[in-house]
Amino acid sequence: MKSLVFQATTRAVTPLLLAFSLFMLLRGHNEPGGGFIGGLLAVAAFALYALAFDARRARALLGVSPQTLTATGLLLATGSGGAAWLAGQPFMAGLWLSAALPAELKLGTVLLFDVGVYLVVLGAAALVLLTLREG
Amino acid sequence: MLWTILIPLAVAGVAPWLHRVLRARAIWLLALVPVGVGTALALRVPREPLGAWMEAAEWIPELGITLAFRLDGLSGTFALLICGIGALVLLYAGAYMRTDPHLHRMGGLLLLFLGAMLGLVLSDDLFVLFVFWELTSVASYLLIGFKHEKQEARDAAQKALLVTGAGGLALLAGFVLLHSAASDAGLPMEQAARISVLAATDLSGHHLFTPALLLIVLGAFSKSAQMPLHFWLPSAMTAPTPVSAYLHSATMVKAGVFLLARLNPLFGDSAVWHVLLTVTGAVTMLVAAALAAGQSDLKRILAYTTVSVLGTLTMLIGVGTDLAIKAAAVYLVAHACYKAALFMIAGSLEHATGTRDIRQLGGLFRAMPVTAVSGVLAAFSMAGAPPLFGFVGKELLLKAKLDLEQLGVVLLLVATLANVFLIALALAVAIWPFFAPSAGWLRRGPRSAACRLAHEAPLPMLAGPLLLAIGGLFVGLIPGVFDRALGSAMASAIGGRPIMMELKLWHGVSPAALTVLGISIVTLTLGFLLFLRLRAWLTHIAAVVARLGRRGPARVYDLALTGLFASADRVTRLTQTGSLRQYVRVILLVLIVTSLGVVLSAALDGRPLSHRLVSADGLLAAWYWHELVLVLLILTGATAALLSRSHVSAIALLGVTGLLIAALFALFSAPDLAITQILVEALTVILLVLVLYRLPERTEHKARFADTAIALAAGAVMAGIVLATAALHLPATVSEHLARLAKPGAHGRNIVNVILVDFRALDTLGEITVVAAAGLGVYALIKLYRRRKAGEGTS
Amino acid sequence: MFVILALLVGALYAAAFCLLLARTTTRLLFGLLLLGHAANLLIFSAAGLVRASPAIVPSGAERPPPGHADPIPQALILTAIVISFAVLAFAAVLVQRAHQASGTNDTEELRTTET
């Protein structure tokens, strides 16, 4: 699959895909999207990169190891649920910052949870695909 | 009272650590626990008949289970025996097992048992009692299997656990029945399991009364080794001797007797109870005494005589007259003291000479004078010779029998016969090893070298037997000590009515007293004569016992166990064929057959299966051409993938099918699903290509017609299930509630996402954990293989 | 339409079962994939079909429009899709490893080469 056209296209598309994945993650609470969809989009970007070039370069693009991403995501998701304990609420109760941000986006533990989902999906799927691509 | 149970259990937990710090001295510290607990309880034991100190704390109110405890004459006597003998046994074990590398475990386990046993006797709630009952079984299992490196010990432990565990199940079932009978009788839930309340309630008219009685008696019999469930107790003698002295003679095996005594006020008026207990007890008493004569191992002799005494106690509770209950109370305490002493003496003999074979022991009085004196006292108590406590018990026992008209004569004969054996055995066990002429039991052959080198046991091993034996003498001489302190309260608790006890060593000159005394003297004489002949008959009796053993209940147990293993093996081989396709076939066939059953039964009842489908509303019934085309395309894609011969084309067709399904999601108002499906489909294609391009293409065997038929039928069932859902009328309240709350409560407009990350976030957390685990699993599978490959390459 | 979808679900299940009953391990994977689709569509159809009214609160409103699609089954299916992918990946690698270890991808032969 070492086609130059494919590689050039990929180079152009990957940043777009990644940006789009973040957009999907953030808007997910109000429009179709969310952590699962955003994570899958990001994986698609890295999978494309790994196919066009090789797994090593895709890993370099990722920066951290997929295992770290997965673990961080799980910790983030659990921690965002545990934060409710500190506020004296049951596990996983959503907490919100009172200050409303533009574009309907509100900061709260729920968003952290969604980011955790995003990281787990990205980490786990990237781990599978990159490991397979190397092998 | 809860504390008296929790303290031993807690100390049991830190016992190994204490042992590491203090070494052998730790056992002295551990022995302080039962001393303290016992003293605390002794100060609170009520003296007056039917007095009781009650305590209750909530545990599981939903099920009406209360942490209720009762300290009265019966539980108080047991608690004092448990603590007193427990302390002596702990000290004894410390010296007896001084060199054992596992000593640190022994102290903790003994305390664990002590706590469990205290809980058992103090409980006033059926189910709390059951919990402690099982805990004693577990402790007994661990202690019997203490020398776990020996196959014999493991087998014996398993046998004891299986028999008493099965009995425990029967007991639980009986308790549940009793509980529901009591609820039916109008007792409130939190009272229906309270033993003290049940005892005052008449349940005998309830249809569950007799089943409950039978199950509970079965449980008690298994624990107290009544025939034919007695066989685990002699096997349990593989346990270290302190364990045998404590659990398997003085305390745990009496748990069954305790339960019978505890429930006697409830069941005592039932004829079934009388007959069952009296007959089983009498048979056990006689047969076990005879079997004991066929043994040559000191501990096994003692084990069988224990079974015999447990039979006597069961019988006495079954008889149930005032005299019988008094006799049971006195005999129970006397036996606990002398039998624990005898076991410890047997242990000391083994410790000194290295053998427990009665035929090799002799002439040890000079070497072990203190042990010998304890032995004589304990044996005389066992034989029921005056002026020991055992004599007082035996006199009462005889009197109780004489009291009963016709039945009494039979029981008297049986008891006398059993007594003759017990007397002979008492002499054989505790007199012979010390006073026999220097030759061994058989009077021929040289005295074994071990006997010549024997030495007196160390102090902690002398204390137990000596204290218990002297105690027996003391109480025998002044029996009033016992009846005033505990006896009357204990007998009253068993009887459920005030029973005043006045014990005497000398009953004066009256016809009845003289008859009893006469029988005592005749029995003692016969026992002595039997003892003199026993040596000559030993081999014959042993042969008979061995022959019986081949057909006895132990044999049934062995056969049942091997049979169970064999059939488990066969079933496993039959069902676990290792053929994946076979499993799938079975699953699908079960699905098809059960669904057909549902349809048929509905048809037979005349219930229409999908009546709503006919009248389905417009939206459900309406269809558009583009939707139909989409469905047909999906069908074509799946069928083509099914039929395609190459990996690549199958993957491509499956990818297309997935994308078309995403379109279906989009058509029916599920944009999130559509997007997710599209992305996953792309990744799936990449995944499958990466995996499968390395696998060879293989022409598939032609599918069997039967398999195809099964698959089609199962598919039809699934289609039917979808159609059947139309008949369901599920209330949509949850969905509506969540939809209403999404914006105001969770600040999100996309309700699906709000559910995922907020309302049902815990589910999602579980799901992403699965995803993470699968990812790591893939990584591990590949990396481990690569590493092994690399390892093979370099080596 | 509901009836048509029910038939589709049945057909997908039948195809998946056919593949699961095949002897080649790779076909098991395809069967697993189709089984996931079939199960998702089963839940989806059973929840009731709604056209062009997703469970999304319109901007500025507080509540979704009446007659919107049921969001709970959709949330269930969404995670099911992702988990199916993860499980399929694991199964695929297992099949690959089984082939590497035993040199066969026939389930009946794998049965005898168990180590």
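Predicted model: local features only at pLDDT ≥ 70, side-chain atom pairs only at ≥ 80, totals over all residues.
# Exercises on the interfaces of chain B

Across the interface of chain C and chain B, the rule finds one salt bridge.

**Exercise 1. Identify which residues form the salt bridge between chain C and chain B, and describe the surroundings on the side of chain C.**

Solution. The bridge joins Arg51(C) to Glu627(B), with the closest N and O atoms 2.5 Å apart. Beside this bridge, the polar contacts between chain C and chain B come to 13 residue pairs, both partners having a pLDDT of 80 or more. Turning to the elements involved, those of chain C that give two or more residues to the side touching chain B are α1 (2–20), α2 (25–46), α3 (71–102) and α4 (107–112). Of that side, the largest share is that of α3(C), which supplies 23 residues. By residue class, the side of chain C that touches chain B divides into 56 nonpolar, 16 polar and 10 charged residues.

**Exercise 2. State how many residues of chain C and of chain B are in contact, and what area the two chains bury between them.**

Solution. Begin with the residues: 82 from chain C are in contact with 90 from chain B. The size of an interface is often given as the accessible area lost when the parts come together. For chain C and chain B that area is about 8300 Å², and carbon and sulfur atoms carry 76% of it.

**Exercise 3. Decide whether Ser735(B) is buried or exposed, and name its contacts.**

Solution. First locate the residue, which lies in helix α31 of chain B. Once its neighbours within four places in sequence are left aside, Ser735(B) is in contact with Asp70(C), Pro71(C) and Ile72(C).

**Exercise 4. Describe the interface of chain B with chain A, from its area to its salt bridges and elements.**

Solution. Chain B gives 38 residues to this contact and chain A gives 42. The area buried between the two chains is about 3700 Å², with 73% of it coming from carbon and sulfur atoms. Within chain B, the residues that lose the most area to chain A are His747(B), Arg749(B) and Ile768(B), which together account for 16% of what that side buries. Two salt bridges are counted between chain B and chain A; one of them pairs Glu31(A) with Arg749(B), whose closest N and O atoms are 2.8 Å apart. Polar contacts between these chains number 10 residue pairs, again with both residues at pLDDT 80 or more. The elements of chain B that give two or more residues to this side are α29 (671–692), α31 (733–746), α32 (751–759) and α33 (761–794), and α33(B) gives the most, with 15 residues. This side of chain B comprises 23 nonpolar, nine polar and six charged residues.

Key:
Residues numbered from 1 in each chain as written. Chains lettered and ligands numbered in written order. Heavy atoms only, no water. Contact = heavy atoms within 4.5 Å. Buried area = accessible area lost by both parts, 1.4 Å probe. Salt bridge = Lys/Arg side-chain N within 4 Å of Asp/Glu carboxyl O. Polar contact = N/O pair within 3.5 Å; in protein donor to acceptor, adjacent residues only side chain to side chain. Helix = DSSP H or I, 4+ residues; strand = E, 2+ residues; numbered from the N terminus. Nonpolar A, V, L, I, M, F, W, Y, C, P; charged D, E, K, R; others polar.
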